[in-house]
Amino acid sequence: MSAELGKLRQQADQLARQFRQKGYSDIADTLSADAKSFGAREKIARQLGVPETFAVSASVQPQSADITPSRPLQHVALEIPSVSEEAYNKTRESLAKEGFTHVVTIKPVSMGELATDEATRNRFAFVNSSENMRSIVPTEMEVAIDPKNVRIKNSNNKSTDTQIRMTQDDEVKLKGKLPEEVRDLVSMPMPNASTASQADIDYQDKTGKPLYPDFWVRTDDETVSGGVVVVGRRGPSRGLHVHGWGRDVGGDGVFAARMVVLPRKLAVKAAE
């Protein structure tokens with residue numbers, strides 16, 4: 001196994017150099033991160049005494065990519081409280097005082113649909129081909145964002161698990177600043193790729209500026225074992241990139257995002 005991981009590391013390094021020479025620095029950076037991840041796993045495999053290679057039975061044939069069945073949609077379930085209009089407005093006002101002034105309606109649309117739908121596909125410069133990531137559907141919800149502080153400070157160069165903990169800590173700090181009666185009405189989970197992409201598209205549509213002008217936000221969406229997705233871009237004029245990234249690999253431009261899920265407003269019944 002360690003020998004095979006070593007080959008993957010070399011291949012990723014080689015591809016990174018080729019893409020960088022051709023001017024595709026975004027893809028090259030992703031491949032370099034993959035190479036680092038494979039290298040770290042290679043060392044662990046050797047330390048554990050795992051066999052250099054694994055023999056594959058001659059009767060087992062790899063399935064061609066063009067006949068791999070599409071993965072069914074995976075709907076993400078979030079517990080979102082339903083509240084009165086008064087409580088909803090109080091929550092919005094309290095969050096706005098803390099800078100969370102931009103509200104996005106997240107639709108239950110998978111990353112795969114965003115990447116192929118005529119209305120949104122041109123917003124992306126690159127989308128990872130992972131069927132698992134493309135099949136994840138976010139909960140329909142409203143998300144509040146602080147445009148001036150989208151990123152959690154100093155959350156770059158951290159692993160996914162560390163960034164998840166930093167997101168949880170940031171949620172606790174934010175709730176401590178909110179009125180007691182609205183604290184339990186909001187949450188701050190790490191966004192999935194579709195949510196992060198919809199937020200950037202919505203913000204750019206309304207302001208003319210990208211939400212992630214020159215950095216990426218981390219998601220916990222798995223691409224392959226040990227790989228997750230980051231969403232962002234290297235420069236404000238570029239399309240949105242949805243890249244694979246090592247789960248345990250940090251990056252100078254890879255941050256944890258601050259996105260607050262709002263409560264649902266109860267529908268008002270019409271008077272009889």
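Five strands form an open sheet in the order S4-S9-S8-S7-S10, with mixed pairing; helices (H or I, at least four residues) and strands (E, at least two) are DSSP runs numbered from the N terminus, and two strands pair if DSSP finds at least two bridges between them. The model is a predicted one, in which local features need pLDDT of at least 70 and side-chain atom pairs count only at pLDDT 80 or more, while totals for chains, interfaces and linings use all residues. Residues are numbered from 1 along each chain as its sequence is written, and side-chain values use heavy atoms, with hydrogens and water left out.

Within this sheet, S4 and S10 stand at the edges, and because each has a single partner strand, one side of each is left without a neighbour in the sheet. Strands S8 and S9 run antiparallel and are joined by 6 bridges, and Gly232 has His241 in S9 as its bridge partner. Helix H6 packs on the sheet, where it touches S7, S8 and S10, and its direction makes about 110° with that of S7; axes here are lines fitted to C-alpha atoms, for helices over the stretch in contact, and angles run from 0 to 180 degrees between N-to-C directions.

Helix H6 covers residues 160–177, and its 18 residues should span 26 Å at 1.5 Å a residue, which agrees with the 26 Å between its end C-alpha atoms; the expected span is 1.5 Å times one less than the number of residues in the helix. In H6, the buried residues are Thr160, Gln163, Met166, Thr167, Asp170, Glu171, Leu174 and Lys175, where buried means under 20% relative accessible area, exposed means over 50%, and partly exposed lies in between (1.4 Å probe, protein chains only). The cover over these residues includes helix H3 (85–97), helix H7 (180–183), strand S7 (216–222), S8, strand S10 (254–255) and S11.

Gln163, which is found in helix H6, counts as buried at 0% relative accessibility. With residues up to four places away in sequence not counted, Gln163 touches Ser155, Asn156, Lys158, Met190, Arg218, Val254, Phe255 and Ala256, contact being defined as heavy atoms within 4.5 Å. Asp170 also has its place in helix H6 and, at 13% relative accessibility, counts as buried. Under the corresponding exclusion of residues up to four places away, Asp170 touches Ile152, Met188 and Arg258. The side chain of Asp170 makes a polar contact, at 2.8 Å, with the side chain of Arg258; such a contact is a pair of N or O atoms within 3.5 Å, of which, within protein, one must be able to donate a hydrogen and the other to accept it, and residues adjacent in sequence count only if both atoms are side-chain atoms.

In helix H3, the place of Lys90, a contrasting case is found: Lys90 is partly exposed, with a relative accessible area of 33%. Lys90 and Pro179 are 89 residues apart in sequence but 8.9 Å apart in space, C-alpha to C-alpha. Neighbours within four places in sequence aside, Lys90 is in contact with Pro179, Glu181 and Val182.

A further set of pairings involves strand S6. Strands S3 and S6 run antiparallel and are joined by 5 bridges, with Glu142 in S6 as the bridge partner of Thr105. S6 also pairs with S11 in the antiparallel sense over 3 bridges, and Val143 stands opposite Val261 in S11. As 4 of the 5 residues of S6 are buried, this strand is largely enclosed by the rest of the structure.

In soluble globular proteins, nonpolar side chains tend to be buried together. The largest nonpolar core has 30 residues, of which Met111, Phe124, Ile145, Tyr212, Val231 and Val242 touch the most other members; a nonpolar core is a set of buried Ala, Val, Leu, Ile, Met, Phe, Trp, Tyr and Cys residues joined through side-chain atoms within 4.5 Å. Elements that each supply at least two residues of this core include strand S3 (102–106), helix H4 (111–116), strand S6 (141–145) and helix H8 (193–207). The largest share of the core, 5 residues, comes from H8. Apart from this core lies another, of 14 residues, among them Val83, Leu95, Phe100 and Val260.

Over the whole protein, 8 helices and 12 strands are present, and buried residues make up 44% of the 272 residues.
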